[in-house]
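Here is my note on this structure. Please keep the model open while you read.

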Amino acid sequence: MKNIQSLLKQLTIEEKIKIIHGNGLFQNGGIERLNIPPLVMSDGPNGVRQEFQNDDWTPINDSGDYVTWLPSNTCLASTWNPELAYYFGQILGNEARGRGKDVILAPGINIKRTPLCGRNFEYMSEDPILTGTLATSLVRGIQENDVAACVKHFALNNQEFERMSVEAEVDEKTLYELYLPAFHEALIEGGSLTVMGAYNRFDGDFCCEGKKLLQDILRDEWHYDGVVVSDWGGVHNTEQTALYGVDLEMSVTPDFDNYKLAEPLHEKIKSGEIPESAIDNKVLRILTLMSHLRMFSPVRRPGCFNVSRHQSIVEQIAEEGIVLLKNDKNYLPLSTGQNTQNPKKILVVGDNATRTHACGGGSSEVKALYDISPLLGIRMALGGNARCDFLPGYYVDNEKNVCGEVDWQADSLQTDYSKAENQSQFENEILPKRKQYLKEVLDAVPGYDEVIFIGGLNHAYDTEGFDRTDMKLPYGQDEVITALSDATEHLTVILIHGSPVEMPWIDKVHSLISTSYCGMNGGHAIAKVIFGAVNPSGRLTETYPLCLADTPTEAYHSYPGEMGEDGHRHVTYSEKLMVGYRYYTSKDIPVLFPFGYGLSYSTFVCRNFRVTQRNMSSIGELQVTVSCEIQNTSSRDGKETLQLYVGIPEPEQPKMSLRRFEKISLKATETKEVSLILTQKDFATYSIKRKCFVTNPGTYELYLGTSALDILYHTSIEITQEYAL
């Protein structure tokens, strides 16, 4: 291992500057004379991105960059399984190293504040505990491979609309209790070696150069000593960034010498405006990172990609990330109907049945080795003794936006993301095709035993750079689903989407499955759930509201913000802690499906609930244990997820906040004892006056359930002393 301090002393000012800014679209500058290689990075959260020219967003296209496509972070989080998150990270890190990368720009862990955010599919949840727990496991998996995780985007990057300039205005208590905890877990507990700054502003500064976030909180308060990388194009001011901002500036343009931490910084150091010592810590942190990754060592893990073990685990993640939302007539799972004399006839309807999603969505796009569509998965599961036909059902009228043909990367620093629909085109082209496709389906339905509709969103709507304007299913899908529900009793609806959608037809549909983008073996996983080879165990990581008007950002008029006198948009998080289920449960707002919800083909019963409390004042510790027995009362193996929420007796606190969860695997008729343990940290709130988390004396509510609304056990406890953390 090189002596990092000695290496730093040998660097000239020009060489130091070369190290702290991009010298390629995905690498900084190396120093050949000192055998310091460039630090090579890659997107992203769903797999290692394809190779581009070093100074141009033109794909190399040499066929050597196909990789395993992993499920989206939303799909992963829907497993509620930290062990699978760890395996997910192992695959991501292993494939990144196998492709010669040093840093993988993942995971994305911003809180899902509004269902309209176009990048929600890249994020995990509306809850920081679920997000932080899974992100920590994921980071540890990545970094076992001599690859650094890069947790993003720090912080308050909760909308894509005007993301390059919007200022998030968040009170200190909300910041510390809702938007920072997952980052703290991933960076400090998980040990992520790097973190990415966000595009937006906070506290008057851009997040990539903001003293409050990057110096006061990250460095001084958390004592984080890893490398902070800018989002690509997130740096705007040379002096501010040199003194308080990111360690490494990256961008999307090839004028590398003009980056703010390049020649402009060099000139300011030569003139004496900025001391050279201001960048020494940045260089030191980058060199230390390289040492951690064994980049100066003759022996380093080689990694591997596109191996069968990865593909098998990816399929398991997809299986556990699929959520069964309705099965009120127990119609699922379907029979494959293997009868050669009278073969079963299944009609699959919907563009998402044949659509593959790996190549879209922005920086999360992946050049997948293969991608099993739902239709392909269904046909592979059925084999030749059943008939499975396909009709599109609805017309996709923005194909270029869906399949990644629009060069969003080249325009990613623009702030005008408006999309206008041509009314004439709608009436003359789109509407007639919608009617034609629907008629074809309705004419065909009587000839089939089963109808499976596979729709939802795609990467024209779940995408970097854009927010949705509503929660409706695009392409007239509501009309198609409603018509199908009237035409047949044998309808199964499957939605693939990265954010909640409105479902005006929900009372007419009895079999409903939901999933996010579930990776290269997603078609297999979906088919296994449909036909019962897999018992669904996914749970929602965000609330599905009845309609957009019911959401907290609409109720508080806190999205997308207002233009300020300074010329940029300001978004005041006036809902404070009332985000997601915290809002709906506190205000008794009916929802379509609650946070944490999901069904199984098995049934479960919990009994013998009890709470034990230990106040160990002599050592300043509190421990509260909530226990119960859980039994699988069905004839098939299954998994249930128990969730423990805490109600804190403090003004403006939500009714309940998730604090612990556990996914339990139970064989048919098996019973297990489950205990969830809380400590004083789980009852604490942030004290603005004392600048720390404090557990105050009082009566605290405990809720144990299988979702935020399905509460099995409710009790209260008394905490009689204060605990300062």
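1. Helix H15 (residues 423–444) packs against helix H16 (residues 477–487) at an angle of about 15°, and their axes are 10 Å apart. Axes here are lines fitted to C-alpha atoms over the stretch in contact, and angles run from 0 to 180 degrees between N-to-C directions. Helices are DSSP runs (H or I, at least four residues), numbered from the N terminus.

2. This is a predicted model: local features need pLDDT of at least 70, side-chain atom pairs count only at pLDDT 80 or more, and totals for chains, interfaces and linings use all residues. Residues are numbered from 1 along each chain as its sequence is written, and side-chain values use heavy atoms, without hydrogens and water.

3. H15 and H16 are therefore roughly parallel to each other (angles under 35 degrees). The contact (heavy atoms within 4.5 Å) involves Leu438, Val441 and Leu442 of H15. From H16 come Glu479, Val480, Ala483, Leu484 and Ala487. Seven of the contact residues are nonpolar, none is polar and one is charged. In this scheme Ala, Val, Leu, Ile, Met, Phe, Trp, Tyr, Cys and Pro are nonpolar, Asp, Glu, Lys and Arg are charged, and the others, Gly among them, are polar.

4. For Cys518, the nearest cysteine sulfur is that of Cys75, 5.2 Å away.

5. Cys606 is buried, with a relative accessible area of 18%.

Note on methods:
Helices (H or I, at least four residues) and strands (E, at least two) are DSSP runs, numbered from the N terminus. Angles under 35 degrees count as roughly parallel, over 145 as roughly antiparallel, 65 to 115 as roughly perpendicular and the rest as oblique. A disulfide is a pair of cysteine sulfur atoms within 2.5 Å. Buried means under 20% relative accessible area, exposed over 50%, partly exposed in between (1.4 Å probe, protein chains only).
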